[in-house]
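Biologist: Could you talk me through this one while I have it open on my screen? I would like to start with the strands.

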Amino acid sequence: MWTVATYVLKQRLKRRQRYPLVLMLEPLFRCNLACAGCGKIQYPAHILKKNLSPEECFKAVDECGAPMVSIPGGEPLMHPEIDKIVEGLVARKKYIYLCTNALLLKEKLSLFKPSKYLSFSVHLDGQREHHDFSVCREGGYEIAVEAVREAIRAGFRVTTNSTLFDGVDPQSVRAFFDEMMDLGVEGIMVAPGYSYDKAPDQQHFMGRARTRRTFKAILSNRKRNWIFNQSPLYLEFLMGKRHYNCTPWGMPTYNLFGWQKPCYLLQDGYADTFAELMESTAWEQYGTESGNPKCANCMVHCGFEPSAVHDGFSSLRGFAAMARSYLFTAYRDQDAERLLQEPVRPVHAHNPFVNIQLEPSASESQQA
Ligand code: SF4
Ligand code: SF4
């Protein structure tokens, strides 16, 4: 929080109109899961085999200058030099969120040292049945939870990240939050899914109205012990309590193709350098206000969390709203209680479970 606050204030003093908050660093695209809602793993085999080198990662991090680096993928633990990448970023005092489905976490834990700069952000999409359905792997939840326990025991910082799709049961998500806090994670991250063109399952992405209703049901009347590892104003945005425009440059993406325009989700070309990304992207063509149909239903964290953070530090009103959201966390709401009582037909109750086991040649065998 303090690091983010000082960084944002420095950018404002420098009068920078556009500045990055979190670098999304994708050092590879291959994964040992094949989730139905994933838009990252559909590349041809020769792309899936490739890795960014540690030096390429450091160059991108240094060019960008953001204080936080999120390492999604693919599955970063399948990168043969992920330990070197993490070590180099810790040496640069970057706060790292290593996003992992945790299938390999237990066996790879010894590659890393606990540090205040390193958090494992474990992908868990809900309670056991829902998570296994979402990632198309029976037993995935158990493996991830056991790895979380082991990482916490070993002294690592651990958070969870969950992507919610249409048909999600708000009661079950709330029970999942209880389970995660009991497990001892440091915080929870939650966001709606984005309807990637490439995702195999196109039916279960939520529109904006549905997203607000679902998050209002989930995030109102909060338990005292729930800790969220994200901007409280972004959570209010998801609940429909405030409006933001997208800030696509707030979480720029660097991957095997270069600097991706304009954001983590869309691929409208690539730039060779971070400076070129900032100067050559037609930013006005993106965001929900732009009329771009690809942005119409988007409320995802990579576009709107930077807007919420900026709001919290850009005016007294925004700062007061942020302070209030830290002080008064209950969000009492009778209408939301009523929403929780509405019958839900969870997606996994009326869809076949597809248990996808990747061939070793496409996944594990590509590790070093
Ligand atoms: S864990 Fe699932 S969502 Fe994440 S990269 Fe792998 S297949 Fe995609
Ligand atoms: S609205 Fe969403 S898809 Fe469009 S630029 Fe922003 S983050 Fe990307």
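Modeller: Gladly, and bear in mind that this is a predicted model. Met-68 has Tyr-95 as its bridge partner in β3.

Biologist: And how does the chain get from β2 to β3, with which handedness for the crossover?

Modeller: The chain passes from β2 through helix α4 (residues 82-91) and on to β3, which gives a β-α-β crossover that is right-handed.

Biologist: Is β3 enclosed or open to the outside, and why?

Modeller: Strand β3 (residues 95-100) is largely enclosed by the rest of the structure, because 6 of its 6 residues are buried. Tyr-95, Tyr-97 and Cys-99 point one way from the strand, whereas Ile-96, Leu-98 and Thr-100 point the other way, and all of them are buried.

Biologist: OK, zooming out, what is the strand order in the sheet?

Modeller: The sheet is an open one of 9 strands with mixed pairing, and its order is β6-β5-β4-β3-β2-β1-β7-β8-β9. At the edges are β6 (187-192) and β9 (267-271), each of which pairs on one side only. On average, neighbouring strands of this sheet are turned by 30 degrees against each other, with direction ignored.

Biologist: Which way does β1 pair with β2, parallel or antiparallel?

Modeller: β1 and β2 pair in the parallel sense, over 3 bridges, and Val-22 has Met-68 as its bridge partner in β2.

Biologist: Which helix lies across that part of the sheet?

Modeller: That would be helix α3 (residues 54-64), which lies across β1, β2 and β7 (253-255) and runs at about 160 degrees to β1.

Biologist: Where does the antiparallel pairing of β8 come in?

Modeller: Strand β8 (residues 258-262) runs antiparallel to β9 and is joined to it by 3 bridges, with Gln-260 standing opposite Tyr-270 in β9. The two strands, β8 and β9, form a hairpin that has 4 residues between them.

Biologist: Switching to loops, I have clicked on Leu-28. Where does it sit, and is it buried or exposed?

Modeller: Leu-28 is in the loop between β1 (22-25) and α2 (45-48). Leu-28 counts as buried because it has 24 C-beta neighbours inside 10 Å, where the cut-off for a buried residue is 20 or more.

Biologist: What does Leu-28 touch, then, beyond its neighbours in sequence?

Modeller: Leaving out residues up to four places away in sequence, Leu-28 touches Lys-50, Asn-51, Gly-73, Gly-74, Met-78 and His-79. As for distances, Leu-28 and Glu-75 are 47 residues apart in sequence, yet their C-alpha atoms are 7.4 Å apart in space.

Biologist: Last topic, the ligands. Which residues come closest to ligand 1?

Modeller: Ligand 1 is surrounded by 13 residues, and the closest are Cys-31, Leu-33, Cys-35, Cys-38 and Asn-101. By class, the shell around ligand 1 contains 7 nonpolar, 4 polar and 2 charged residues.

Biologist: And which residues come nearest to ligand 2?

Modeller: There are 15 residues around ligand 2, of which Cys-246, Cys-263, Cys-295, Cys-298 and Gly-303 come nearest. The shell around ligand 2 divides into 11 nonpolar residues, 3 polar and 1 charged.

Conventions
Residues numbered from 1 in each chain as written. Chains lettered and ligands numbered in written order. Predicted model: local features only at pLDDT ≥ 70, side-chain atom pairs only at ≥ 80, totals over all residues. Near = placed C-beta within 6 Å. Nonpolar A, V, L, I, M, F, W, Y, C, P; charged D, E, K, R; others polar. Buried ≥ 20, exposed ≤ 12 C-beta atoms within 10 Å, placed from the backbone. Contact = placed C-beta atoms within 7 Å. Pairing = 2+ DSSP bridges. Right-handed = clockwise from strand over helix to strand, strands pointing away. Axes fitted to C-alpha atoms, helices over the stretch in contact; angles between N-to-C directions.
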